[in-house]
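I opened my notebook to jot down what I looked up in this structure. I started with the overall layout and then followed a single residue.

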Amino acid sequence: RFLIMRQTKSHSTLSQSYQQANSASPIPHKSSDSSSSITITPKKWYYKISNWIRIIVLIAILSLLTLGVVKGDVTLYIVKSFLEWMKTHIVLGSFAFIGLYILCN
């Protein structure tokens, strides 16, 4: 009977700590000094710079795709002039093509 009560108590303690970890409210953290406590608040998604970089890259890719579809004649002209430039500049054109391939993949 003592074992069952102990398991129930540990389960409720685990569920409480899980709820504290997943809640949006600040989580108090006791330091080694018992007189002071530090409150840790989880960062929201818009505070992370990596999320903003991802959003900007996604917007840039979507805008380039949209411009490529809408302005098809301009896109065709740019591609043809790039290929002509690659014919005249073989070495530099090869590196530009490799860089473009890496960028697209």
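First entry, the order of elements. Reading from the N terminus, I get α-β-β-α-α-α for the protein. That makes four helices and two strands. I'm noting here that this is a predicted model.

Next, the surface. How much of the protein counts as buried? I found 2% of its 105 residues in that class. The accessible surface of the protein is about 10000 Å², and carbon and sulfur atoms hold 69% of that area.

Then I checked for nonpolar patches. One of about 1200 Å² turned up. Its members include Trp45, Tyr46, Tyr47 and Trp52, and I also listed Ile49, Ile53, Val57, Leu58, Ile61, Leu62 and Leu65.

I counted four aromatic pairs. Trp45 and Tyr46 make an edge-to-face pair, with 5.6 Å centre to centre and 85° between the planes. Which residues form the aromatic cluster? I wrote down Trp45, Tyr46, Tyr47 and Trp52.

Last, I stayed with Tyr46. Where does Tyr46 lie? I placed Tyr46 in the loop between β2 (37-40) and α2 (49-70). Is Tyr46 buried, exposed or partly exposed? Tyr46 has a relative accessible area of 36%, so I put it down as partly exposed. The cut-offs I used were under 20% for buried and over 50% for exposed.

Terms used. Residues numbered from 1 in each chain as written. Predicted model: local features only at pLDDT ≥ 70, side-chain atom pairs only at ≥ 80, totals over all residues. Heavy atoms only, no water. Phe/Tyr/Trp six-rings, centres within 6.5 Å; stacked < 30°, edge-to-face > 60°. Buried < 20%, exposed > 50% of the residue type's maximum accessible area, 1.4 Å probe, protein only. Areas by Shrake-Rupley, 256 points an atom, 1.4 Å probe, with all protein chains shown as cover. Patch = residues over 30% accessible without salt bridge, like charges linked within 9 Å, V, L, I, M, F, W, Y side chains within 5 Å. Salt bridge = Lys/Arg side-chain N within 4 Å of Asp/Glu carboxyl O.
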